[in-house]
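Please view the sequence and the structure below before reading on.

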Amino acid sequence: MTTILLAAAALGQSSAKISDCWQTNFNDASFTAVVGTSNQKELAKINKDFANSYRFKSTTVRLKEPFKLRLETKVDDMDILFIVNGVTRVVRIPSRGIRNKENLAKSPGKRQTSLDFGLLTPALFNNLFEAKFIRTDRATGDHVFDLTYIPALDDTTRHRIWVDPKQRYVNKREWYSQNGGHLLATFLYSEAKQFGTIWFPTKLTVKNADNKVAGSTTYSGVKVNSGVADSTFNVN
């Protein structure tokens, strides 16, 4: 009986809650994302859209809670603007007369969030993701969780994440498809820097299911909690 009780106590001590791992004081960030390496053959094994995103060599990024993202980039003579605000996504290419507005309420996989940049925030777990604690990684001490969309969203995509429990950012994320649950890609977040109380990864390396490096991106000129205006994410 004593052995059983000790084992149960040990298991209890090893568990963690997702609320222990998110960044409660994160409000916004702005930075420039610069592609370092890009292997289109290996990127295409993830999916076509993902490969195309690495054709943008430099992108200005503004991110704000909850669920606000603005990306600005240029390809040849085309200025491209991409905004996500809640469940609304807008893509604008003025020189081509393109303005596409889409409701993503039933397409959670298209909603780029702070998770894509290695950050966990409370908003992610407000009617979007559910988190299940898996284990504490013995080698790194990271807490490992599985993130799935809430049942109402009818999307069985899964993300397995490794979170630094002290600095509270995602070190590693595995992305699994909803059709059969096979591995699509692995995201490695590194070179984290501290901005006030927030730790923010400044490098992203992406591997495909063959464990081949497909691309890498660095984030420069990072500013955190500088007060990015809500009007920056106007979708009208």
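## Hairpin of β5 and β6

Four residues lie between the strands in the hairpin of β5 and β6, and Gly 97 there adopts a positive phi near 65 degrees. The model is a predicted one, in which local features need pLDDT of at least 70, side-chain atom pairs count only at pLDDT 80 or more, and totals for chains, interfaces and linings use all residues. Residues are numbered from 1 along each chain as its sequence is written, and side-chain values use heavy atoms, with hydrogens and water left out.

Strand β5 covers residues 88–93 and strand β6 residues 98–103; the two are antiparallel and share six bridges. Strands are DSSP runs of E with at least two residues, helices are runs of H or I with at least four, and both are numbered from the N terminus. Two strands pair if DSSP finds at least two bridges between them. Val 90 has Lys 101 of β6 as its bridge partner.

Glu 102 belongs to strand β6. With a relative accessibility of 24%, Glu 102 counts as partly exposed; buried means under 20% relative accessible area, exposed over 50%, and partly exposed in between, with a 1.4 Å probe and protein chains only. When residues up to four places away in sequence are not counted, Glu 102 touches Val 87, Thr 88, Arg 89 and Lys 110, contact being heavy atoms within 4.5 Å. The C-alpha atom of Glu 102 is 32 Å from that of Ile 198, a residue 96 places away along the chain.

A salt bridge joins the side chains of Glu 102 and Arg 89, with an N to O distance of 2.9 Å. This pair links strand β5, which holds Arg 89, to strand β6, which holds Glu 102, across 13 residues. Arg 89 counts as buried, at 17% relative accessibility.

Strand β9 (residues 158–163) is mostly covered, with five of its six residues buried. Strand β8 (residues 143–149) runs antiparallel to β9 and is joined to β9 by six bridges; Thr 148 has Arg 158 of β9 as its bridge partner.

Strand β9 also pairs in the antiparallel sense with strand β10 (residues 170–176), over six bridges.

The structure holds twelve salt bridges, each defined by a side-chain nitrogen of Lys or Arg within 4 Å of a carboxyl oxygen of Asp or Glu. Side chains of opposite charge can pair when their charged atoms come close. One of these salt bridges connects Asp 210 with Lys 45, whose closest N and O atoms are 3.3 Å apart. The pair links distant parts of the chain, 165 residues apart: Asp 210 lies in the loop between β14 and β15, and Lys 45 in the loop between α2 and α3. Asp 210 is partly exposed at 46% relative accessibility, and Lys 45 is partly exposed at 42%.

Another salt bridge brings together the side chains of Asp 116 and Arg 173, at 3.9 Å from N to O. Asp 116 is in the loop between β6 and β7, whereas Arg 173 is in strand β10, 57 residues apart in the chain. Asp 116 counts as partly exposed at 24% relative accessibility, while Arg 173 counts as buried at 3%. Through salt bridges that share partners, Glu 42, Lys 45 and Asp 210 form one network.

## The largest pocket

Helix α3 (residues 48–53) supplies the largest share of the lining, four residues. By class, the lining has 24 nonpolar, 15 polar and eight charged residues. In this grouping Ala, Val, Leu, Ile, Met, Phe, Trp, Tyr, Cys and Pro are nonpolar, Asp, Glu, Lys and Arg are charged, and the others, Gly among them, are polar.
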